[in-house]
Every structure is written in structure tokens, then in C-alpha cells.
Amino acid sequence: MQEKIYTIPVNEAFEQSGDECPFCFLYKKLEKIELDAILGAAMMEPDIRIMTNKKGFCVNHYEKMFAYKNRLSLALMLESHIAELAKELKTGGFLSKDIGSKPAERIEKLEHSCYICEQIDEKFSKMVSTAVYLYEKEPEFLKMFNSKKVICLPHYKRLLRTANNSMGKKQYELFVKDTDKIISGYISQLSEDVSWFCKKFDYRYEKEPWNNSKDAVERAIKFLGGPSDID
Ligand SMILES: [Zn+2]
Ligand SMILES: [Zn+2]
């Protein structure tokens, strides 16, 4: 049962994420594992190379790999990815009717695929299911879940969809109520903090304290956008 496999990391994320979205916390852990793997031993494995050649990476993950120390691993991956693309992006004869449609389609596909995103997502979606399962079955987890201050919007959506697919009607209604309490509480605090942040730029408020608003913009971006490295 997949829920059992991920019980420990999901519990840990809820325990350790503090004031951060526990799912962003989980996502970033998974992302780090994938980045370490792809720029380490996995990079030379032929099966994985076939996939990275085909899927490529999103800009976010290109940038993260670029920031890692292992530039050679990245360059070797790029070398074979580009070589494969060079073949696939051939336009075909100039006399053919849809000249240019083949490379455009290939690029379109490339824009929507990322080896790392897909690797993370496979595990991440099981972890979201695990959280929903634990919410239903484990009173201790339920308590911890309801004590969370924030779940970011992308992960809120995901949770709602996952719960809707797996829970009974009554349980789902309770779940919606509980998550809504977290989200609406956070939104009202966040709007207050963002407004106060804006006010602080007005000379009349110059001498007032910052209260909780110093990092309001960072928190708003994380809440709206999901996993982020902004600190
Ligand atoms: Zn999140
Ligand atoms: Zn990606």
C-alpha cells in the first residue's frame, strides 16, 4: 500500500516545516534528492540518459542544476540532449505542405516536459495521497494537520482534488472545512501584513513598528506560487 511507504516522510514534513507550507517543505526535499541524483551517479545511467535526452528540463531546473557545482555532469547531459534534438528538429523538405510544423510540435512538447519535475511529481502525488490518508486514519496526524498555519495555494488545490477523489462525502466535507480554516486564516493575516508593509513606505507610518510585515512580500509569493527558494 503506497500510503504506508510515505508515512514517515509525510509525518516528518508536518513536524519539521514550522511556519512553512508542509507540502512545499516535502517538495523541496524531493527536489534536492533528484538534483543530487541527476548530477551524480544517475547521470551516467543509460536508461536515465534516454529519458533526459527526450524530456529535457524546465528553466527552473536548468537554473538549479547550473547553480550546482557539477558543471561537467550538466554539460554531458546537454551534449546528448542537443544532439538528439538536432535530429528531431529537422524541418523536412521545403516542398512539403506543413513546413515547420514538425519542429514546432517537438519544441512545444519539450516546453511541457522536465525530467526532474516528472520524477518529483511521481513521488509527490503519492505523498499528497498519504497526507489525505493519514488525515482520515490517524488522530495524531489530524491534530498536526489542523495546527498548520499555512498551505500554499497550488498545494491547497492539489489536496482538495486528491481528497475529493479518495474520501467519502462526509469526510471530504470535514476536510474542506478544516483546510479552508487554515487557508482563510492565512489569507487574512497575509493581507494585513502586506497592507502594513505598503503603509510603511508612507512617511506618516515611518516611525511605526514593522509588526509582522517585514517578510510579507516573500510570504505572499510563496503562498501564491508554491515551492520557492526566496528567503
Ligand atoms: Zn506548498
Ligand atoms: Zn522541472
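Reader: In which sense, left-handed or right-handed, does α8 pass α10?

Author: This is a predicted model, and the crossing in it is right-handed for α8 passing α10. The residues that make this contact are V128, S129 and V132 on α8, together with R158, L159, T162, A163 and S166 on α10. By class, these residues of α8 and α10 comprise 4 nonpolar, 3 polar and 1 charged.

Reader: At what angle do the axes of helix α8 and helix α10 cross?

Author: In general, the angle between the axes and the distance between them describe two packed helices. Here helix α8 (residues 115-137) and helix α10 (residues 153-166) have axes that cross at roughly 65° and come within 9 Å.

Reader: Which residues touch E136, leaving aside its neighbours within four places in sequence?

Author: E136 belongs to helix α8. Apart from those sequence neighbours, E136 is in contact with M167 and Q171. L174 is 38 residues from E136 in sequence, and the two C-alpha atoms are 10.0 Å apart in space. E136 counts as partly exposed because it has 18 C-beta neighbours inside 10 Å, whereas 20 or more are required for a buried residue.

Reader: Which domains does the domain assignment give?

Author: The assignment gives domain 1, covering 1-148, and domain 2, covering 149-231. Their C-alpha centres lie 25 Å apart. The contact between them draws 13 residues from domain 1 and 18 residues from domain 2.

Reader: Which helices each supply at least two residues of the side of domain 1 that touches domain 2?

Author: They are α3 and α8. The largest share of that side comes from α8, with 5 residues. Sorted by class, the side of domain 1 that touches domain 2 holds 7 nonpolar, 2 polar and 4 charged residues.

Reader: How many residues does helix α11 have, and how far does it reach?

Author: Helix α11 (residues 169-199) has 31 residues. From its first C-alpha to its last it reaches 44 Å, close to the 45 Å expected at 1.5 Å a residue.

Reader: Which residues in α11 are buried, and what covers them?

Author: An α-helix has 3.6 residues a turn, so residues three or four places apart point the same way. In this case F175, Y186 and D193 are buried in α11. The cover over the buried residues of α11 includes α8, α10 and α12 (216-225).

Reader: Why does D193 count as buried?

Author: D193 counts as buried because it has 20 C-beta neighbours inside 10 Å, and 20 is enough for that class. Not counting residues up to four places away in sequence, D193 touches N212, S213 and A216. The C-alpha atom of E45, 148 residues away along the chain, is separated from that of D193 by 49 Å.

Reader: Where does M43 lie, and which residues is it in contact with, leaving aside its neighbours within four places in sequence?

Author: M43 is in the loop between α3 and α4 (46-55). Apart from those neighbours, M43 is in contact with I38, S73, L76 and M77. One of these, S73, is 30 residues from M43 along the chain, with 6.7 Å between the C-alpha atoms. M43 counts as partly exposed because it has 17 C-beta neighbours inside 10 Å.

Reader: How many C-beta neighbours does A37 have inside 10 Å, and how does it count?

Author: A37 has 15 such neighbours, so A37 counts as partly exposed. A37 is found in helix α3 (residues 22-38). From C-alpha to C-alpha, A37 and K90 are 32 Å apart in space, and 53 residues apart in sequence.

Methods: Residues are numbered from 1 along each chain as its sequence is written. Chains are lettered from A and ligands numbered from 1 in the order in which they are written. This is a predicted model: local features need pLDDT of at least 70, side-chain atom pairs count only at pLDDT 80 or more; totals for chains, interfaces and linings use all residues. A residue is buried if 20 or more other C-beta atoms lie within 10 Å of its own, exposed if 12 or fewer, and partly exposed in between; C-beta atoms are placed from the backbone. Axes are lines fitted to C-alpha atoms, for helices over the stretch in contact, and angles run from 0 to 180 degrees between N-to-C directions. A crossing is left-handed if the near helix is turned anticlockwise from the far one by less than a right angle, and right-handed if clockwise. Two residues are in contact if their C-beta atoms, placed from the backbone, lie within 7 Å. Ala, Val, Leu, Ile, Met, Phe, Trp, Tyr, Cys and Pro count as nonpolar, Asp, Glu, Lys and Arg as charged, and the others, Gly among them, as polar. Domain bounds come from an automatic or database domain assignment. The expected span of a helix is 1.5 Å times one less than its number of residues.
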